[in-house]
Amino acid sequence: MKVVIAIDSLKGSLSSIEAGEAIREGILRAKPDADVVIKPLADGGEGTTDALIEGLKGERVPLTVTGPFGRPVDCYYGYLKESRTAVMEMASAAGITLEPIRDPMRATTRGVGEMILHAIENGCRNFIIGIGGSATNDGGIGMLEALGYEFWDQNGDDVGDGGQALAKVSSFSDKNADPRLKECRFRVACDVTNPLCGPMGATYIYGPQKGVTKDLLESLDRGMANFARVVTASVKIERNGILSPDMDITVENSSQMNAVSDFTELPYTGKETSFMKIPARMEEPNFAERPDMTEEPDFAQMPGAGAAGGLGFALLRFLNADLTPGVELILSATGLEKEVADADVVVTGEGRLDHQTAMGKAPIGVAKLGKQYGAKVIAFAGSIAPGAEACNAAGIDAFFPILRSVCTLEEAMNPQTAKENMARTAEQVFRLLPD
């Protein structure tokens, strides 16, 4: 019997790998000859970096970067040496929980760019980046400035950081952008589909939680549209893919654009430049190619452009990133499908199983993969909430809570208790299964 385990963390109790180890212990009590494989599981949000570091035997790289409001913050990213991959969460450098302040006009993604540069210096050329939980609404301009891109106002002065900079952008240059970026591949865990601007965009939908007040909504959204229009005007396309500027890019006269949300209908007012193809991507496993494009891309309207206060847009436009639902990206990065292809049983789960689990959370991604290859899918959880039955229709054949007696929440979440409860539950379930 081959069993593949990919279970999300039980937050505050067991990590993804710790939960998997406990399940393996229980399985082997019941089936000593079973072939048990453990893979890390996360959804691209908080905890993803730790899960992949632990599960793929990566290294934790600590560093200090510029925080969302200019003060230094300590953070880290994961380094997967074999594939030269950096795994990072933007929230560790520009997250909403880092400071009690809510000021979208000042909050910057500069620290995210500093993390990327640090990883490049360490030899990384592939990136997996989770972009949830941001404090920012700066369109990613801070990240880009840290990477060497320059943005100027009509007087030729630097526009500065934060959301206040967006409306000022009149021209920009990639002359001093780090040339090694052309060698890099970016895959971004993004579970939102919002465009950059407009009533469903970054500012209107996510801005209020970051401090965008009603009187700022329209002006900040107009600024975002101005920024997008200026930097998109210089992009050209040919059949075999995106062409990226080889020379210094300068787009001028943004004041003539009138900076409205529907910037795609505004006339082109920039200067033509020369272009070159982006270099061929490095051959790395699990990094799918972007499909060919035959029309000029409207980056601001692409699903996920509005993620993380417009950071999604900056990653798409400047770093040629692939934005992928978090679960799909993590499953691909861990090579789970290869192991599931010949598995008899797949085990997944999370801390609390409920109806929301069935709406595309990490365990359902695992379950769908298991059913694709004809495996039985079992889930374990710290607790089971009403409505969890929806998980059965979503691909989980049966699910089981691990609690064995009435106890306090504190007792249940004790790591040693949770580990033993998980192992004992797995043992009893697998005693029912044929060899």
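A residue is called buried when its relative accessible area is under 20%, exposed when it is over 50%, and partly exposed in between, using a 1.4 Å probe and protein chains only. By this definition Ala341, with a relative accessible area of 37%, is partly exposed. The structure is a predicted model, in which local features need pLDDT of at least 70 and side-chain atom pairs count only at pLDDT 80 or more, while totals for chains, interfaces and linings use all residues. Residues are numbered from 1 along each chain as its sequence is written, and side-chain values use heavy atoms, with hydrogens and water left out.

**Salt bridges**

- Side chains of opposite charge can pair when their charged atoms come close.
- A search of the whole structure finds 21 salt bridges, each being a side-chain nitrogen of Lys or Arg within 4 Å of a carboxyl oxygen of Asp or Glu.
- One of them joins Lys2 and Glu339, with N and O 2.8 Å apart. This pair links distant parts of the chain, since Lys2 is in strand E1 (residues 2-5) and Glu339 is in helix H10, 337 residues apart. Helices (H or I, at least four residues) and strands (E, at least two) are DSSP runs numbered from the N terminus.
- Lys2 counts as buried at 11% relative accessibility, whereas Glu339 counts as partly exposed at 22%.
- Glu420 and Arg29 also form a salt bridge, their closest N and O atoms being 3.5 Å apart. The pair links distant parts of the chain: Glu420 belongs to helix H14 (residues 415-431) and Arg29 to helix H1 (residues 16-30), 391 residues apart.
- Both partners are partly exposed, Glu420 with a relative accessible area of 24% and Arg29 with 30%.
- A further salt bridge is formed by the side chains of Arg110 and Glu145 (3.0 Å, N to O). Arg110 lies in helix H4 (residues 110-121) and Glu145 in helix H5 (residues 141-146), so the pair ties together parts that are 35 residues apart in sequence.
- Arg110 is partly exposed at 22% relative accessibility, while Glu145 is buried at 11%.
- Salt bridges with shared partners join Glu25, Arg29, Glu420, Arg424, Glu427 and Arg431 into one network.

**Surface patches**

- Patches consist of residues with over 30% relative accessible area and no salt bridge; like charges are joined within 9 Å, and nonpolar side chains (Val, Leu, Ile, Met, Phe, Trp, Tyr) within 5 Å. Accessible areas come from the Shrake-Rupley method with a 1.4 Å probe, and for residues only the protein chains shown count as cover.
- Lys and Arg count as positive and Asp and Glu as negative, while His and the chain ends are not counted. The place of a charge is taken as NZ of Lys, CZ of Arg, CG of Asp or CD of Glu.
- A patch of negative charge on the surface gathers Glu18, Glu46, Asp50 and Glu54. Glu46 sits in the loop between strand E2 (35-38) and helix H2 (48-55) and is exposed, with a relative accessible area of 71%.
- Met200, Tyr204 and Ile205 make a nonpolar surface patch of about 260 Å².

**Residues with positive phi**

- Lys57 is not a glycine, yet its phi is positive, at about 55°. Lys57 is found in the loop between H2 and strand E3 (59-66) and is exposed at 74% relative accessibility.
- Asn320, likewise a residue other than glycine, has a positive phi near 55°. Asn320 is buried, with a relative accessible area of 12%.
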